[in-house]
Each structure stands twice: as C-alpha cells, then as structure tokens.
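This report looks at the pockets of one model and at the residues that line them. Please have the sequence and the structure at hand.

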Amino acid sequence: MFVFISIIFVFVAYTVSIKFVYYRFNQLWPHLRNKISTPSYTFGNSHFCPTQKRSGGLVRNSEDGKQRVTANETRALLVTAHPDDECMFFAPTILKLVESQASVYLLCMSTGNYNNQGFQRKRELIDSCAVLGIPSNHVTVIEDKELPDDPSVQWSTALVSSLILKHTQNYGISLVLTFDGRGVSGHANHIAIYKTLSHLASAGRLPEGCQIFSLHSISILRKYLSVLELPVSWLLPSDFCCLIGREEYKRAKKAMLCHRSQLLWFRRLYIMFSRYMFINTFQAIVVETKYVKMY
C-alpha cells in the first residue's frame with residue numbers, strides 16, 4: 001500500500017512540475033523573445049539566389065520582388081543538413097518564432113538524396129515548412145556534389161561557409177540556429193555545419209549583431225522521455241529555449257508526416273516519444289567582433 005501511495009505521489013508531483021514548467025515558460029517567453037531580438041540592418045542584394053539549384057516553387061511573392069524589413073524585425077536563419085531536420089529537431093523553435101512574428105528562413109545544405117529520393121524530399125520539405133509557417137520563398141535547398149547526404153563524406157568548409165555568409169548578409173539575418181558539436185543524432189553532416197559556424201564566429205566573419213545558437217544534444221534516455229523530460233531541461237542551464245504545448249505539437253507532428261518517404265516505423269515512434277518535438281534548448285556560440293584600428 002505504501003509503495004502504491006508513493007507512486008501516486010511521485011506521479012502527481014511530476015505532473016505538477018510539468019505544468020509549472022509551462023507556466024513559467026509562458027511568463028518568461030517575452031523576455032526570451034527580446035533576448036534574441038536585434039534591430040535589422042542594411043543588407044545587400046535582395047534578389048540573392050545561390051548558384052546551386054533551389055527548390056522548385058521558390059519564387060518571391062511581393063510585387064517588386066524586394067524584401068521589406070521592419071525596424072525591429074527578428075530575421076532568423078535555420079541551417080540544417082537534410083530535409084526533415086527542420087521538424088525532427090527544430091519544430092518548437094520555428095513555431096515559437098513564427099508565432100512571435102519573426103521572419104524565419106531555412107537553409108538546407110542537401111536534398112537528402114542518400115536513397116535517390118532527392119526530388120521527392122525537396123517537395124516534402126516545402127510542405128513541411130508550410131505547416132510550420134515558413135513560406136516557400138524563405139526556403140533554400142542546396143544541390144551540390146560536394147555536399148552529399150552521406151556521413152562518410154567530409155563536407156567542404158569553404159563552400160558551407162560561403163553559403164551561410166551569403167544568406168546572413170543578403171537576407172539581413174540577426175539570428176542563426178543550427179546543431180551543436182554532437183549533431184543531436186551524431187550525424188557527420190550535422191556536425192560539419194556546427195564546425196563551420198563556430199569557425200565563422202571565432203573568425204569574426206559574421207555580420208555585426210548576428211547571434212548564433214546551437215541546439216543541445218542530450219543523452220538517449222532523456223531524448224525519448226517526451227514531455228516527462230521537460231523539468232530536466234528546464235532546470236539545466238541553457239542560453240535560449242523554446243517550449244510548445246499540445247496544439248503546437250499537433251502542427252509539429254503534421255509537419256513530420258509531410259516527410260512521407262521517411263516515415264519508417266522508428267520515426268513514427270520518434271514523433272511520439274522525442275522531447276525535441278516539445279522543447280529545444282540552445283547554447284550561444286560566442287561571435288567575435290573585429291575591431292579596426294584607425295590611424
């Protein structure tokens with residue numbers, strides 16, 4: 001009897017702690033939102049399109065083809081390696097930023113053509129982004145033989161750097177989000193993006209005022225605790241976090257289901273049990289500032 005009562009008590013206490021995390025996050029979200037908000041600055045060619053092919057249907061919908069920037073608009077760039085990364089790992093962040101009226105851009109470094117499904121996966125990516133709230137003209141998919149969907153191939157740091165720099169400069173990006181040094185799933189392509197961004201940050205090559213956050217990789221036990229993991233993430237230190245509720249989770253799930261070619265049985269389990277479907281926690285990457293001496 002004592003054991004049964006103890007189990008009930010622990011269950012109730014943990015349920016209360018999860019509700020408390022949601023309550024505190026809703027209170028603190030405006031502060032977190034302001035933390036990543038920086039004034040927009042002048043940027044270059046608004047018609048920028050990489051020399052690599054972009055996804056079909058990626059055309060601007062404004063009358064004059066020019067991007068319009070408001071004074072304090074957050075312009076966030078999510079850099080991923082493959083179609084489906086955006087919803088598997090970053091859905092909470094995208095949904096919260098879109099809800100906060102931020103302009104979210106996606107730069108996907110490959111078509112995910114490992115099984116010769118690149119064309120289909122690009123279309124699935126566009127559908128997924130539409131569900132998450134990223135317009136098609138904010139999505140860029142790179143097709144380059146130097147950036148294959150293959151963990152055994154070392155991606156060109158110079159090429160990845162040039163693509164990221166062009167996006168940050170030409171789209172006036174003030175916030176960049178990507179993987180950390182363990183790549184969440186340990187995929188070499190994920191890690192290559194982190195290493196490139198770390199290099200750009202340490203070399204002071206990113207535009208002034210641009211912030212970079214890397215998504216925390218966690219242990220496999222925590223990764224598959226679903227909402228039960230939320231109090232743990234909340235208590236551990238992070239520089240930025242995004243948490244979604246039941247209705248937003250349904251959108252994240254719907255976005256995942258757009259990637260029909262990838263819906264193997266274990267990914268369906270991932271949708272049900274992964275904490276990345278509910279919460280993202282990030283660590284800031286320090287961006288060095290270049291100081292120019294005047295003589």
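## The second largest pocket

In this predicted model, the second largest pocket is lined by Thr15, Ile18, Lys19, Tyr22, Val227, Arg246, Tyr249 and Phe278. A pocket is an open set of points on a 1 Å grid over the protein atoms alone, where a 1.4 Å probe fits, with protein on both sides within 12 Å along at least five of seven lines; lining residues have an atom within 4 Å of a point. The volume of the second largest pocket is about 250 Å³, counted as the space filled by probe spheres set on the points, which are joined across faces, edges and corners.

Helix H1 (2–35) and helix H10 (246–257) each give at least two residues to this lining, and H1 gives the most, 4 residues. Helices are DSSP runs (H or I, at least four residues), numbered from the N terminus. By class, the lining has 5 nonpolar, 1 polar and 2 charged residues. Here Ala, Val, Leu, Ile, Met, Phe, Trp, Tyr, Cys and Pro count as nonpolar, Asp, Glu, Lys and Arg as charged, and the others, Gly among them, as polar.

## The largest pocket

The largest pocket holds about 480 Å³ of space. Its lining has 23 residues, of which Asp84, Arg121, His187, Gln262 and Arg267 are the closest to the pocket centre.

The largest share, 3 residues, comes from H11. The lining of the largest pocket divides into 8 nonpolar, 9 polar and 6 charged residues.

## Basis of the values

Residues are numbered from 1 along each chain as its sequence is written, and side-chain values use heavy atoms, with hydrogens and water left out. Local features need pLDDT of at least 70, side-chain atom pairs count only at pLDDT 80 or more, and totals for chains, interfaces and linings use all residues.
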